There are 2 protein chains.
Amino acid sequence: MVDRSSGVPAYRQVAEDLREKIAVGEYAPGVQLPSERELVDAYGVSESTVHEAVNALQSEGLVTSEPGHGIVVRPSTIVLERVAAARLSRAAREQDGGAFRADAATRGLTPSAEVGVRFEPAVARVAARLAVPEGSEVTVRDRVMRVDGVVVQLAVSRLPRELTRGTAVENPDTGPGGTYARLEEAGHALGSFIEHVGARMPTPDEASLLQLADGVPVITVTRVAYGADGTP
Amino acid sequence: MVDRSSGVPAYRQVAEDLREKIAVGEYAPGVQLPSERELVDAYGVSESTVHEAVNALQSEGLVTSEPGHGIVVRPSTIVLERVAAARLSRAAREQDGGAFRADAATRGLTPSAEVGVRFEPAVARVAARLAVPEGSEVTVRDRVMRVDGVVVQLAVSRLPRELTRGTAVENPDTGPGGTYARLEEAGHALGSFIEHVGARMPTPDEASLLQLADGVPVITVTRVAYGADGTP
DNA sequence: TAGTGGTCTAGACCACTGT
DNA sequence: CAGTGGTCTAGACCACTAA
């Protein structure tokens with residue numbers, strides 16, 4: 001039952017109570033919660049109010065709900081790990097043919113990728129990052145990366161067209177060692193990388209591609225690679 | 001106006017339309033959207049339906065809304081950056097007195113922290129990570145970290161009590177160089193670190209401490225420090 | 001005081017799932 | 001078929017903000 005005089009909205013009280021019961025394990029991962037109609041009786045509120053509470057838990061990623069199936073406590077899963085140590089070193093590249101493949105291999109999974117290549121003029125932010133004039137041509141590689149068939153990562157690479165012209169970087173398949181290997185062959189020795197890591201809620205497109213349930217954030221990694229001579 | 005025959009729920013159509021207008025800049029960051037009553041007229045749906053759409057955008061972190069203020073497009077902000085390069089090196093530690101202070105310093109901000117120390121028996125997961133027997137005593141340091149007064153990070157450290165007994169690690173203020181410096185002084189030379197990075201939605205407690213708006217995820221970093229001799 | 005978003009109800013219909 | 005969650009409405013009252 002909710003406390004109508006506390007000033008705390010009823011749906012929040014319901015949500016908090018369910019959250020608590022999930023936290024202490026009264027509702028374990030994979031377990032089905034009482035139906036919304038049952039919760040209506042238990043807490044003495046209307047169906048919409050219960051639904052609003054369930055909705056909140058869904059946005060937080062705590063539960064999933066499907067018609068006919070009921071409300072289920074979500075188990076947490078990790079699909080893939082990025083192993084950072086020497087992840088982008090030349091040695092690792094030569095041996096495994098790319099960091100993504102290596103990450104998957106350490107888990108015994110089968111990686112695959114769908115690649116598209118296109119060219120577009122650099123907008124202001126891209127131009128600044130790559131230190132090229134605004135509007136100059138940029139090679140864009142779009143990748144949808146899968147392990148065992150499920151999409152786990154979306155990647156977009158942008159390079160100054162000058163660096164990629166005539167190289168396999170402009171082909172969907174860049175060959176052994178990937179883009180970085182081709183750049184080095186073309187005389188652009190790699191120096192350092194700077195990665196920015198963030199997290200945000202996915203766009204609807206990303207959510208459907210990555211098959212994310214509500215309330216599951218994505219991690220963003222923005223990497224700028226610098227040549228040995230300092231050019232991005 | 002929404003398309004009633006498309007099968008797509010009305011509130012999703014409204015949300016998608018607003019999302020689109022935000023994406024193309026028709027509603028710029030900081031700008032106020034039309035009021036819910038106006039949206040009701042514009043899309044030809046009920047107030048609850050509009051509210052549901054606005055709710056979804058809030059869960060995604062796209063907008064904020066307050067009574068009297070209206071619905072406002074949220075600007076994205078970065079409060080603090082962790083600079084990874086040599087972040088945990090002995091040199092950095094001696095110079096700046098801890099990674100957190102260094103991160104804040106690079107932005108010209110004033111860091112502060114509130115620290116609590118307690119001791120508890122190791123539960124299974126902690127015992128495994130620290131390679132100590134389950135139930136053995138563990139030193140726990142809870143930190144609430146602020147820059148310029150606002151909470152930006154919550155940290156919990158756990159160490160085998162054996163390593164900390166009689167050292168300043170058991171005091172709230174560990175002194176210059178922090179915990180790692182004290183451990184090295186006590187003869188526990190540091191070897192390597194392994195950090196696991198993840199992202200999830202905050203718990204309500206975290207959300208209020210960090211003053212997070214709805215739809216803003218937190219980044220989790222789990223670091224295990226290993227001594228030169230390999231003990232965690 | 002007028003306008004804003006926040007909450008809540010009662011009731012309705014729908015699509016989906018399992019038996 | 002019964003039960004489930006998903007959607008939607010019309011209408012109500014509230015607390016808050018700004019003029």
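Helices (H or I, at least four residues) and strands (E, at least two) are DSSP runs, numbered from the N terminus. This is a predicted model, in which local features need pLDDT of at least 70 and side-chain atom pairs count only at pLDDT 80 or more, while totals for chains, interfaces and linings use all residues. Residues are numbered from 1 along each chain as its sequence is written, chains are lettered from A and ligands numbered from 1 in the order in which they are written, and side-chain values use heavy atoms, with hydrogens and water left out.

**View 1. The surface near DNA strand C.** Two or more residues each come from H1 (10-23) and H3 (47-59) of chain A, and from H2 (36-43), H3 (47-59), E1 (63-66) and E2 (70-73) of chain B. H1(A) has the largest share, three residues.

**View 2. Side chains at DNA strand C.** B:Arg37 places a polar side-chain atom 2.6 Å from a base nitrogen.

**View 3. Chain B against chain A.** In contact (heavy atoms within 4.5 Å) are 15 residues of chain B and 15 residues of chain A. No salt bridges are counted between the two chains; a salt bridge is a side-chain nitrogen of Lys or Arg within 4 Å of a carboxyl oxygen of Asp or Glu.

Notes: Polar contact = N/O pair within 3.5 Å; in protein donor to acceptor, adjacent residues only side chain to side chain.
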